[in-house]
Amino acid sequence: MANVNYLLFESAVGFSLFEVVHQADTVGLELPEVKDAMKDLDKFGKMVKLRSFNPWNSAAHGLEAINLISEGIMPDHLKNTLELNLPQTSGKKSKIVLGVVDKRLAGEISGMFPGIQCESADTSEVVAALLRGIRTHAGKLLKGLQDGDINRAQLGLGHAYSRAKVKFSVHKNDNHIIQGIATLDALDKGINSGAMRVREWYGWHFPELIRIVSDNGTYAKVVIAVGNKKSLSDESLDELANVLNQDEDKAKAIIQAAKVSMGQDISEMDLNMVKDLAENVAKMADYRRILAESLDKKMGEVAPNLQVILGTPVAARLISHAGSLTNLAKYPASTLQILGAEKALFRALKTKGATPKYGLLYQSTFIGRAGPKVKGRISRYLANKCSIASRIDNFSENPTRRFGEVMREQLEQRLEWYAKGIKPMKNTEAMDKAIKLVMDDEGDMDIDTEMVDSHTAAHAADSKKDKKEKKDKKKDKEEKKEKKDKKDKKRKATSEDVEMVDAPDAAEPEKKKKKKKSKSE
């Protein structure tokens, strides 16, 4: 490994550049003497020398620079610092080795300055140790700072950076979708287990009710309304009908079943315990319905196109599994296709078996409606459409459902194509149709009209180009055919001439034979 010449230290107070006077090798770093020297300011001050220190002009300037560095982009302030303080080299014969903390920033600097070779803390133990020592003694090494300045700057810049990262639009935030779908799944488990207990417990008293009322939430509400089956009469019809959404037929069936029920009697204390459990189940069922409606509305605001294609539950689970809509938009269609089947994928790779064709997408109705032989193909096609929809939803300021509706129509046509052979819509036609629908909606979505015009112009130019290419190909085919016909005619003519020449030669032996016969006679 080359010797490190300079070190770039990014702190909460600004950029500082240190020149490495003396450095230990990788093996020497493990020696106790070297470790003690790193902790001692007098000894460590002889290893590095401050070359330049450029503090931030303001807190906003520091926040902007830190945001750029976190994304792997070099700020202009840092670029000027390196240009002014580092020796200028072309990098052909020798390069300056610069130690940097972030490896992404190291790549950016190396690309900007050909004469600088960057080593990050991840790739070099020497760089990591030296930067660790600078961070320890930064308050003394950096000139013009008072005690506690660095700590106060770290606290202020850390809060500002965190606030900038946490800021989001209240109306468009996928964090609520992730929490909502997780709560919905937990509620489903709780409602199912609680309803099962209510059915088994109350079934000893009124077993016929299970066949009449199948929904878990409604069953719990009926248990609360009925209580002891002996108290039911024809006067309870209206009360039961209100619980059953005005279904008088079911209410009458419950009253008739209660009169001839085979269940055993129940004590008042046991009945109260069952009612308390049923109340909890009914409350969870009501809250689950409200949460599902809220989640459906939230998905319509955040990812309407993905919601149209997959439905709210499956689309929300995809976002939750990816971590955010932005992460989902960054995934290629192949990754989105098997999202949720990671264990099966790695098991297949380990055992060299067949890889899974679908993950969470299996819950979509399109996979269920497809035939067994085309499930994998429709899964791949569905993943492509979901990938496009997620990107439109994520990068549009005001997303609309039109693209999702057109892509869902494509999926329906693809299913018909697999089943009946009907040709589906092309992607260019689908996108043109979606853009036209968006334009007709009078600006529900912010569209760059210049881009649309350029797209249509490019599309028209491509169509003209395709027509010209087809015409040229046709012309070339005709010319090749004419040349081929001429060659065939020429070949036939030459073959006929050869036959005519060979014909007399073939006849001479016969003449000789005749002469011999005549002599013998």
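**Pocket, cores and salt bridges in a predicted model**

The largest pocket is lined by 23 residues, and those nearest its centre are Phe 9, Glu 10, Ser 11, Ala 12 and Gln 154. A pocket is found on a 1 Å grid over the protein atoms alone, as an open set of points where a 1.4 Å probe fits, with protein on both sides within 12 Å along at least five of seven lines; lining residues have an atom within 4 Å of a point. This is a predicted model, in which local features need pLDDT of at least 70 and side-chain atom pairs count only at pLDDT 80 or more, while totals for chains, interfaces and linings use all residues. Residues are numbered from 1 along each chain as its sequence is written, and side-chain values use heavy atoms, with hydrogens and water left out.

The space in the largest pocket comes to about 470 Å³, where a volume is the space filled by probe spheres set on grid points that are joined across faces, edges and corners. Two or more lining residues come from each of β1 (6–10), α3 (59–70), α6 (125–136), α7 (138–141) and α8 (149–166). Helices (H or I, at least four residues) and strands (E, at least two) are DSSP runs, numbered from the N terminus. Helix α8 gives the largest share of the lining, six residues. Sorted by class, the lining holds nine nonpolar, eight polar and six charged residues. Here Ala, Val, Leu, Ile, Met, Phe, Trp, Tyr, Cys and Pro count as nonpolar, Asp, Glu, Lys and Arg as charged, and the others, Gly among them, as polar.

For the protein as a whole, there are 24 helices and five strands. Of its 521 residues, 38% are buried, a label that means under 20% relative accessible area, with exposed set at over 50% and partly exposed in between (1.4 Å probe, protein chains only). Among contacts (heavy atoms within 4.5 Å) between residues at least 6 apart in sequence, 64% join residues at least 24 apart.

The interior can be followed through its nonpolar cores, each a set of buried Ala, Val, Leu, Ile, Met, Phe, Trp, Tyr and Cys residues joined through side-chain atoms within 4.5 Å. The largest has 47 residues, and Leu 306, Leu 310, Leu 328 and Leu 382 touch the most other members. Helix α21 (residues 375–395) supplies the largest share of this core, seven residues. Beyond its neighbours within four places in sequence, Leu 382 is in contact with Ile 309, Leu 310, Leu 361, Ser 364, Phe 366, Ile 367 and Leu 411. Another core, of 28 residues, lies apart from the largest one and includes Leu 209, Val 213, Ala 251 and Ala 278.

Ser 120 sits in strand β5 (residues 116–120) and is buried, at 4% relative accessible area. Its contacts, leaving aside neighbours within four places in sequence, are with Val 100, Val 101, Asp 102, Lys 103 and Val 127. Ile 73 is found in the loop between α3 and α4 (76–85) and is partly exposed, with a relative accessibility of 37%. With neighbours within four places again set aside, Ile 73 is in contact with Leu 68, Leu 105 and Glu 108. The C-alpha atoms of Ile 73 and Arg 104 are 8.0 Å apart, although 31 residues separate the two along the chain.

Side chains of opposite charge can pair when their charged atoms come close. Counting a salt bridge as a side-chain nitrogen of Lys or Arg within 4 Å of a carboxyl oxygen of Asp or Glu, the model has 13 salt bridges. One of them joins Asp 265 and Lys 230 (3.2 Å, N to O). Asp 265 lies in the loop between α13 (248–259) and α14 (268–302) and Lys 230 in the loop between α11 (216–226) and α12 (237–243), so this pair ties together parts that are 35 residues apart in sequence. Both Asp 265 and Lys 230 are exposed.

Glu 412 and Arg 369 also form a salt bridge, with the closest N and O atoms 2.6 Å apart. This pair links distant parts of the chain, 43 residues apart: Glu 412 is in helix α22 (residues 402–420) and Arg 369 in helix α20 (residues 365–369). Glu 412 is partly exposed, at 25% relative accessible area, and Arg 369 is partly exposed at 47%. Within helix α22, Glu 405 and Arg 402 are three residues apart, or about one helical turn, and their side chains meet in a salt bridge (3.2 Å, N to O). Arg 401, Arg 402 and Glu 405 are linked in a network of salt bridges.
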